[in-house]
Amino acid sequence: MTSHEIDYRIFGEEMQYVEIELDPQEGVVAESGSFMMMDDGIKMETIFGDGSQKDTGFLGKILGAGKRILTGESLFMTAFYNDLTGKRNVSFASPYPGKIIPIDLTEYRGKFICQKDAFLCAAKGVSVGIEFSKKLGRGLFGGEGFIMQKLEGDGMAFVHAGGTMAKKVLQPGETLRVDTGCIVGFTQDVDYDIEFVGGIKNTVFGGEGLFFAKLQGPGTVYIQSLPFSRLAGRVLSSLPKGGNSKGEGSILGGLGDLLDGDNRF
């Protein structure tokens, strides 16, 4: 086994975090900003890329880190090692309400494809790379563009889904149509393409976009009910414009705020 064999526990319901138990000399890599807490004796190190390859030279490290720039992620990742005897714990938190999904790469023949911002952390040795779309339509209209992340290796990885997570196991030839932003990830045998919604009324007035993601089995697909882009869009659309409150819930608008106890000036 080339990846470190780590144990873990996931805590919480809506705002989860994962606690990784490290034996001596074991390590875990994580996205910058996902760290929550760690025991005494854990060593933290900032590295280029995912650190899955050793002694590749400076150019190799630059190329590995460059892959992460293409996916919109930070140039650096953070590695955490247990340098002492005995077990030590380090924890990583989800960035917004949702679920943390443990992915055992050995169950998926060493490869899992996920959206660009889904990756949370993984056992040291797991490679976090890029997956290019070979289909023009998917790249232009698929919501995720030409580039997605791929997780490769034989260890544990953890990805994050917004809202509630749905796991679908597709049989050969079975098709699932999904909002493009709701895809968390899928196994390597799943055929991913986009499909035009169709119909003038659906296109103009449907409000669901022009395209669906079309996922065809065999394979496993993870779907999220609340993509962060959708959550952010709803928050932005409800922000007061020009500094004035929208007065939601009251037919009196701003005047209603004087009567409901919200009297900040």
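**Stop 1: a pair of strands**

Select residues 183-187, which are strand β16, and residues 219-224, which are strand β19: these two pair in the antiparallel sense over 3 bridges. Strands here are DSSP runs of E, at least two residues long, numbered from the N terminus, and two strands count as paired if DSSP finds at least two bridges between them. Now click on Gly185, and you'll find Tyr222 of β19 standing opposite.

Before moving on, a word on what you're looking at: this is a predicted model, where local features need pLDDT of at least 70 and side-chain atom pairs count only at pLDDT 80 or more, while totals for chains, interfaces and linings use all residues. Residues are numbered from 1 along each chain as its sequence is written, and side-chain values use heavy atoms, with hydrogens and water left out.

**Stop 2: the whole sheet**

**Stop 3: Glu152**

Next, pick Glu152 in strand β12 (residues 147-152). Is Glu152 buried, exposed or partly exposed? It's partly exposed, at 29% relative accessible area (buried is under 20%, exposed over 50%, partly exposed in between, using a 1.4 Å probe and protein chains only). Show Ser127 too: Glu152 and Ser127 are 25 residues apart in sequence, yet 5.0 Å apart in space, C-alpha to C-alpha. Leaving aside neighbours within four places in sequence, the contacts of Glu152 (heavy atoms within 4.5 Å) include Leu105, Lys111 and Ser127.

**Stop 4: strand β7 and its partners**

Jump to β7 (residues 88-93), which runs antiparallel to β2 (residues 17-22), with 6 bridges joining them. Ile20 faces Val90 of β7 across this pairing. β7 also pairs with β4 (residues 35-38), again antiparallel, through 3 bridges. Here, Phe35 stands opposite Phe92 in β7.

**Stop 5: Met38**

Finish on β4 by selecting Met38. Met38 is partly exposed, with a relative accessible area of 34%.

Methods: Helices (H or I, at least four residues) and strands (E, at least two) are DSSP runs, numbered from the N terminus.
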